[in-house]
Amino acid sequence: MRVTSFSVESGCYFVITHQNITERKLAEQKVRDLARMDGLTNIPNRRTFDSVLAEQWKRFSRLKKPICIAMIDIDNFKLLNDTYGHQAGDECLINIAKVIQRFNKRPDDLCARYGGEEFVLIWGDTSLEQGKQLANKLLKAIVALNIDNKNSPTQSYLTASIGLAQMIPSRVNNETELISKADSMLYQAKAAGRNRVEC
């Protein structure tokens, strides 16, 4: 709404005009939403993960409750791409994202595509033991997709490795440290033969 004043002879008048900006605001919101989502898998992207984790870190620091992070990497994904083509690889990523979304149930949870064939889950107010149970169920759900990966040295079907870490946020640690620990556990899972959870 805009108000403009003007004078004519001895009188003072106002012109009030209304402009409907609903369409523009909806378009702006759509652009913001698109910037937060991964275009292929239609789940939140790395940028969203980073901002949500920073918010959750502050929140759980106040609550003195743990945050658990699962880093998920598809085993031998390059071999799947080389064997079946990039379109099959894209379909695989879409299907994996759908499975991971099933483990994103509570308001404090978030699943996101971290990059390439890596995904990440945030579980708020979750102990390491609870996280391990969830991660093992997730691993079984990925294997249950029964996606062929015949040239993989791990198995003839698609598998994943999961690194799990948990912290209670405080002033002496930060979210980067938690990500680093989860990433380190992911590398341990791969070094130990893949298709497993390390925490």
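I take buried to mean under 20% relative accessible area, exposed to mean over 50%, and partly exposed to mean in between, with a 1.4 Å probe and protein chains only. What I looked up is a predicted model, in which local features need pLDDT of at least 70 and side-chain atom pairs count only at pLDDT 80 or more, while totals for chains, interfaces and linings use all residues. Residues are numbered from 1 along each chain as its sequence is written, and side-chain values use heavy atoms, with hydrogens and water left out.

**Entry 1: T159**

I began with T159, which is buried at a relative accessible area of 1%. T159 sits in the loop between α5 and β6 (160-167), where helices (H or I, at least four residues) and strands (E, at least two) are DSSP runs numbered from the N terminus. Which residues does T159 touch, leaving aside its neighbours within four places in sequence? With contact taken as heavy atoms within 4.5 Å, I found I74, D75, V143, T154 and N195. For V143, which is 16 residues away along the chain, the C-alpha atom is 5.7 Å from that of T159. The side chains of T159 and D75 also make a polar contact of 2.7 Å; such a contact is a pair of N or O atoms within 3.5 Å, where within protein one must be able to donate a hydrogen and the other to accept it, and residues adjacent in sequence count only if both atoms are side-chain atoms.

The side chain of D75 is joined to that of K190 by a polar contact of 3.2 Å, and a polar atom of the D75 side chain lies 3.0 Å from the backbone nitrogen of N195. Setting aside neighbours within four places in sequence, I noted that D75 is in contact with N149, L158, T159, A160, S161, K190, R194 and N195. N76 lies in the loop between β3 (67-74) and α3 (77-84) and is buried, at 14% relative accessibility. N76 is not a glycine, yet I read a positive phi of about 50° for it.

**Entry 2: N195**

Is N195 buried or partly exposed? At 24% relative accessibility, N195 counts as partly exposed. Beyond its neighbours within four places in sequence, N195 has contacts that include D75, L139, V143, T154 and Q155. N195 and Q155 are 40 residues apart along the chain, and their C-alpha atoms are separated by 8.6 Å.

**Entry 3: Q56**

Next I looked at Q56 in helix α2 (residues 46-63), which is buried with a relative accessible area of 9%. A polar atom of the Q56 side chain lies 3.0 Å from the backbone oxygen of D108. When neighbours within four places in sequence are left aside, Q56 is in contact with I67 and D108.

**Entry 4: helices α4 and α5**

Two packed helices are described by the angle between their axes and the distance between the axes. For helix α4 (residues 86-101) and helix α5 (residues 128-144), I noted axes that come within 10 Å and cross at roughly 145°; axes are lines fitted to C-alpha atoms, for helices over the stretch in contact, and angles run from 0 to 180 degrees between N-to-C directions. Where the two helices meet, I96, V99 and I100 are the residues in α4, and L138, A141 and I142 are those in α5.

D125, in the loop between β5 (118-124) and α5, has a positive phi of about 50° although it is not a glycine, and D125 is partly exposed at 35%. S7, in strand β1 (residues 2-8), is exposed with a relative accessible area of 58%. Between the C-alpha atoms of S7 and G131, 124 residues apart along the chain, I noted a separation of 71 Å.

**Entry 5: the cysteines**

How many disulfides are there? Taking a disulfide as a pair of cysteine sulfur atoms within 2.5 Å, I came to a count of zero. For C199 the closest cysteine sulfur is in C68, and because the two sulfurs are 8.1 Å apart, they are too far for a bond. C199 is partly exposed at 36%, while C12 is exposed at 53% relative accessibility.
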